[in-house]
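The following exercises are to be worked with the sequence and the coordinates at hand. Each task is followed by a solution in steps.

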Amino acid sequence: QVQLVESGGGLVQAGGSLRLSCAASGRTFSNYAMAWFRQGSGKEREFVAGISRSGDSTNYGDSVKGRFSISRDNAKNTVYLQMSSLNPEDTAVYYCAARRFLASSYGYWGQGTQVTVSS
């Protein structure tokens, strides 16, 4: 199993930036594709960004393309989400998730970190 702990959330003004981190422990980090999801109040969980095990492939949800960037440091067992040009619609709890090699879904989740964007 892998344990995930997010950090870096907080309150930011519209137009600002924030970087989230997700530290992994327990298993070989490079065996896992990683992703960020978010869930706003009263909304369904939404895919934000994903990154391959090696970090050479990334993909993004339509609502964050061009504003958010996902990256990982396998030496530090950490995945990041750099968020810029934030707007109030980005307000949500952000979750880090891991998908083991050949698994069909993300089976490991962090506890989430709150991001609030004020207008």
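Is leucine 102 buried or exposed? The model is predicted, and the class follows from the relative accessibility.

**Exercise 1. Classify leucine 102 and examine its backbone.**

Solution. Step 1: exposed residues are those over 50% relative accessible area. Step 2: leucine 102 has a relative accessibility of 72%, so it counts as exposed. Step 3: leucine 102 is located in the loop between strand 9 and strand 10. Step 4: the phi angle of leucine 102 is near 75°, a positive value in a residue other than glycine. For context, most residues other than glycine have a negative phi.

**Exercise 2. Carry out the analysis for serine 85.**

Solution. Step 1: serine 85 belongs to the loop between strand 8 (78-83) and strand 9. Step 2: although serine 85 is not a glycine, its phi is positive, at about 50°.

**Exercise 3. Determine the geometry of the ring pairs formed by phenylalanine 37.**

Solution. Step 1: the structure contains four aromatic pairs. Step 2: for phenylalanine 37 and tyrosine 106, the ring centres are 5.5 Å apart and the planes stand at 75°; planes over 60 degrees apart count as edge-to-face, so this pair is edge-to-face. Step 3: this pair links distant parts of the chain, since phenylalanine 37 is in strand 4 (residues 32-39) and tyrosine 106 is in the loop between strand 9 (92-100) and strand 10 (108-109), 69 residues apart. Step 4: the rings of phenylalanine 37 and tryptophan 109 have centres 4.9 Å apart and planes at 50°, so the pair is tilted. Step 5: because phenylalanine 37 lies in strand 4 and tryptophan 109 in strand 10, this pair ties together parts 72 residues apart in sequence. Step 6: ring pairs link Phe37, Phe47, Tyr106 and Trp109 into a cluster.

**Exercise 4. Describe the accessibility and the charges at the rings.**

Solution. Step 1: phenylalanine 37, at 11% relative accessibility, counts as buried, whereas tryptophan 109 is partly exposed at 31%. Step 2: the charged end of arginine 45 sits over the ring of phenylalanine 37, 5.6 Å from its centre. Step 3: arginine 72 lies over the face of phenylalanine 29, at 4.3 Å from the ring centre.

**Exercise 5. Which strand order does the open sheet of four strands have? Trace its pairings.**

Solution. Step 1: the order is 1-3-8-7, with antiparallel pairing. Step 2: strand 1 (3-7) and strand 7 are at the edges with a single partner strand each, so one side of each is left without a neighbour in the sheet. Step 3: the twist averages 15° from one strand to the next. Step 4: strand 1 and strand 3 are antiparallel over five bridges, and glutamate 6 stands opposite cysteine 22 in strand 3. Step 5: strand 3 (residues 18-25) pairs with strand 8 over six bridges in the antiparallel sense; here leucine 18 stands opposite methionine 83. Step 6: strand 7 (residues 68-73) runs antiparallel to strand 8 and is joined to it by six bridges, with phenylalanine 68 having methionine 83 as its bridge partner. Step 7: strand 7 and strand 8 form a hairpin with four residues between them, and asparagine 77 in the turn has a positive phi of about 55°. Step 8: five of the six residues of strand 8 are buried, so strand 8 is largely enclosed by the rest of the structure.

Notes
Residues are numbered from 1 along each chain as its sequence is written. This is a predicted model: local features need pLDDT of at least 70, side-chain atom pairs count only at pLDDT 80 or more; totals for chains, interfaces and linings use all residues. Side-chain values use heavy atoms; hydrogens and water are left out. Rings of Phe, Tyr and Trp (its six-membered ring) pair if their centres lie within 6.5 Å; planes under 30 degrees apart count as stacked, over 60 as edge-to-face and the rest as tilted. Helices (H or I, at least four residues) and strands (E, at least two) are DSSP runs, numbered from the N terminus. Buried means under 20% relative accessible area, exposed over 50%, partly exposed in between (1.4 Å probe, protein chains only). A charge sits over a ring if NZ of Lys or CZ of Arg is within 6 Å of the ring centre and within 35 degrees of the ring normal. Two strands pair if DSSP finds at least two bridges between them. Axes are lines fitted to C-alpha atoms, for helices over the stretch in contact, and angles run from 0 to 180 degrees between N-to-C directions.
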